[in-house]
Amino acid sequence: MNVICSPGVLHGTVTAIPSKSDAHRKLICAALSENGGFLPLKEPHCDDIAATIRCLEALGASFRQAEEGIWITPVKEQPHADLDCGESGSTLRFLLPVAMSVCRSISVTGSGRLPERPIGTLTDAMSAHGICFAQTTLPLSAKGTLTGGIYEIPGNISSQFLSGLLMALPFCEADSEIRLTTALQSAAYVDMTIRTLQQFGASIEICTEEGMLRYRIAGRQTLHFPDDPDIDGDWSNAAFWLTAGALQKHQCVTVNSLHTESIQGDKAICEILAQSGADIFCTENQIQVSGEELHTLNVSMEAIPDLLPILAVRAALGNGTSHFTNAERLRLKESDRLTATADLLRAIGGSVDEHPDGLTIYGGTLTGGTVDAKNDHRLVMAAAIAAIRCSHPVTILGAEAVNKSYPAFFEDYRLLGGNVTFE
């Protein structure tokens with residue numbers, strides 16, 4: 001599907017969609033709990049959440065969708081499961097260890113760029129603890145029972161490896177300890193995992209030894225579905241609307257259902273936009289943004305990699321030269337997101353230099369043009385927001401990639417007054 005977004009104005013109010021990160025974790029914990037329950041997760045589900053639900057069903061859980069959310073019946077231990085992770089890296093990295101704690105053999109497939117995304121650190125750790133992999137790239141198969149013990153993994157490759165182990169190890173017979181061998185990146189996502197597990201009654205002890213984090217997890221635990229669980233609003237996707245507000249003088253964009261006390265790292269978008277000239281008004285669960293002067297940005301992406309595409313658009317429309325650093329991990333996303341973001345800006349008239357671990361972007365104006373989304377949902381959304389400040393329309397090739405995280409994105413774009421047509 002190709003779409004054409006024309007210059008114009010976005011203004012008004014939109015409600016944040018449920019956090020994909022929070023929903024993955026709560027769905028998994030709910031399916032692993034002894035009693036199951038109801039999560040306020042409405043349809044439509046994005047492709048990544050649909051992949052997690054599909055894989056949990058393969059592990060023996062069942063789901064019943066209702067108007068206000070979804071009912072979950074827990075997994076039933078079984079000898080074998082076939083897991084189709086689609087293009088969801090979170091589903092793969094979370095459920096690979098979880099599956100081997102409740103199942104004796106699995107086959108795992110994926111599509112898109114997922115087979116190219118690294119999982120060697122995780123499979124190596126699991127291989128040392130009871131799991132035999134026939135191969136360690138997708139499609140893969142594995143047999144065995146995940147055992148407790150000492151796990152040593154780096155903290156600077158993917159926090160999802162750590163999160164997956166944290167969700168799986170409470171079900172092992174023996175106690176476990178995860179020892180990080182390097183400093184942890186994307187720490188907020190690990191904090192989210194631990195908080196979710198604790199909400200479901202899991203016991204995890206965190207300490208530091210010789211400057212490195214340690215996680216101690218008792219074995220043979222039981223998870224209990226909490227009373228009235230919620231799903232956080234998604235700051236990662238709301239960042240596109242908030243940045244749209246920052247790009248426009250005398251117009252406001254308001255996003256509801258965002259909590260300023262959220263543990264999500266991408267809530268940093270508010271501070272970044274404010275420091276670079278935006279006017280921001282926050283209440284307990286609502287953020288309103290309008291634009292003033294667009295100053296330069298100098299941002300380390302280490303903890304907030306998903307914000308790069310939209311911040312790059314913001315920088316390309318700013319004054320002066322902006323720098324984005326510590327972003328080398330973005331080369332392993334749905335696209336090589338550093339190169340893809342640079343290509344996006346150049347395609348619509350921007351000026352950018354690409355570095356091994358970041359981008360330098362020269363502010364100015366954007367003309368419009370044709371953008372290849374490269375099967376990356378965040379590039380689709382960034383290009384659509386850029387279009388409101390271009391002098392000519394932006395054609396986005398492969399815009400269906402947005403379904404990975406935000407199927408209703410273009411509906412909300414139109415709700416805010418955006419001019420979009422579908423080819």
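Mentor: Let us begin with Arg220, which is exposed, with a relative accessible area of 62%. Please bear in mind that the model is predicted.

Trainee: Why is Arg220 called exposed?

Mentor: The term exposed requires a relative accessible area over 50%. Arg220 has 62%, and therefore counts as exposed. This residue is placed in the loop between strand 13 (212–217) and helix 7.

Trainee: What is noted about the phi of Arg220?

Mentor: The phi of Arg220 is positive, about 55 degrees, although Arg220 is not a glycine. Lys374 likewise is not a glycine and has a positive phi of about 55 degrees. Lys374 is found in the loop between strand 21 and helix 11.

Trainee: What makes Lys374 partly exposed?

Mentor: Buried means under 20% and exposed means over 50%, with partly exposed in between. The relative accessible area of Lys374 is 31%, so Lys374 is partly exposed.

Trainee: How do you know that Leu56 counts as buried?

Mentor: The limit for buried is under 20%. Leu56 has 0% relative accessibility and therefore counts as buried. Its place is in helix 2 (residues 47–58).

Trainee: Which residues does Leu56 touch, not counting those up to four places away in sequence?

Mentor: Leu56 touches Leu27, Ile28, Ala31, Ala61, Phe63, Val75 and Leu95. As for Ala81, the C-alpha atoms of Leu56 and Ala81 are 9.5 Å apart in space, while the two residues are 25 residues apart in sequence.

Trainee: Let us turn to pairs of helices. Why are helix 7 and helix 8 called roughly parallel?

Mentor: Helix 7 (residues 235–246) and helix 8 (residues 268–275) pack at an angle of about 20 degrees, and their axes are 9 Å apart. Angles under 35 degrees count as roughly parallel. Helix 7 and helix 8 are therefore roughly parallel to each other. Their crossing is right-handed.

Trainee: Which residues make the contact between helix 7 and helix 8?

Mentor: Helix 7 contributes Trp235, Ala239, Leu242, Thr243 and Ala246, and helix 8 contributes Ile269, Cys270 and Leu273. By class, the contact of helix 7 with helix 8 has 7 nonpolar residues, 1 polar and no charged.

Trainee: At what angle do the axes of helix 1 and helix 6 cross?

Mentor: The axes of helix 1 (residues 20–32) and helix 6 (residues 187–199) cross at roughly 35 degrees and come within 10 Å. The crossing of helix 1 and helix 6 is right-handed. On the side of helix 1, Ser21, Asp22, Arg25, Lys26 and Cys29 take part, and they meet Tyr189, Met192, Thr193, Arg195, Thr196, Leu197 and Gln199 in helix 6. The residues of the contact of helix 1 with helix 6 divide into 4 nonpolar, 4 polar and 4 charged.

Trainee: What makes strand 2 and strand 15 edge strands?

Mentor: The open sheet consists of 4 strands in the order 2-14-16-15, with mixed pairing. Strand 2 (12–15) and strand 15 (279–282) each pair on one side only, and they are the edge strands. Neighbouring strands of this sheet are turned by 20 degrees against each other on average, direction ignored.

Trainee: How do you know that strand 2 and strand 14 pair?

Mentor: A pair of strands needs at least two bridges. Strand 2 and strand 14 (residues 253–256) have 4 bridges, and pair in the parallel sense. Helix 7 lies across strand 2, strand 14 and strand 16 (286–290), and runs at about 35 degrees to strand 16.

Trainee: Which residues of helix 10 are buried?

Mentor: In helix 10 (residues 337–347), Arg337, Leu338, Ala340, Thr341, Ala342, Leu344 and Leu345 are buried. The buried residues of helix 10 pack against helix 9 (308–316), strand 19 (351–355), strand 20 (358–362), strand 21 (369–372) and helix 11 (377–387). Gly349, which follows helix 10, has a positive phi near 100 degrees.

Trainee: Where are cis peptide bonds found?

Mentor: One joins Glu43 and Pro44, with omega about 5 degrees. Pro44 has its place in the loop between strand 3 (37–39) and helix 2. Another joins Leu138 and Pro139, with omega about -5 degrees. Pro139 lies in the loop between strand 8 (131–133) and strand 9 (140–144).

Technical notes
Residues are numbered from 1 along each chain as its sequence is written. This is a predicted model: local features need pLDDT of at least 70, side-chain atom pairs count only at pLDDT 80 or more; totals for chains, interfaces and linings use all residues. Side-chain values use heavy atoms; hydrogens and water are left out. Buried means under 20% relative accessible area, exposed over 50%, partly exposed in between (1.4 Å probe, protein chains only). Helices (H or I, at least four residues) and strands (E, at least two) are DSSP runs, numbered from the N terminus. Contact means heavy atoms within 4.5 Å. Axes are lines fitted to C-alpha atoms, for helices over the stretch in contact, and angles run from 0 to 180 degrees between N-to-C directions. Angles under 35 degrees count as roughly parallel, over 145 as roughly antiparallel, 65 to 115 as roughly perpendicular and the rest as oblique. A crossing is left-handed if the near helix is turned anticlockwise from the far one by less than a right angle, and right-handed if clockwise. Ala, Val, Leu, Ile, Met, Phe, Trp, Tyr, Cys and Pro count as nonpolar, Asp, Glu, Lys and Arg as charged, and the others, Gly among them, as polar.
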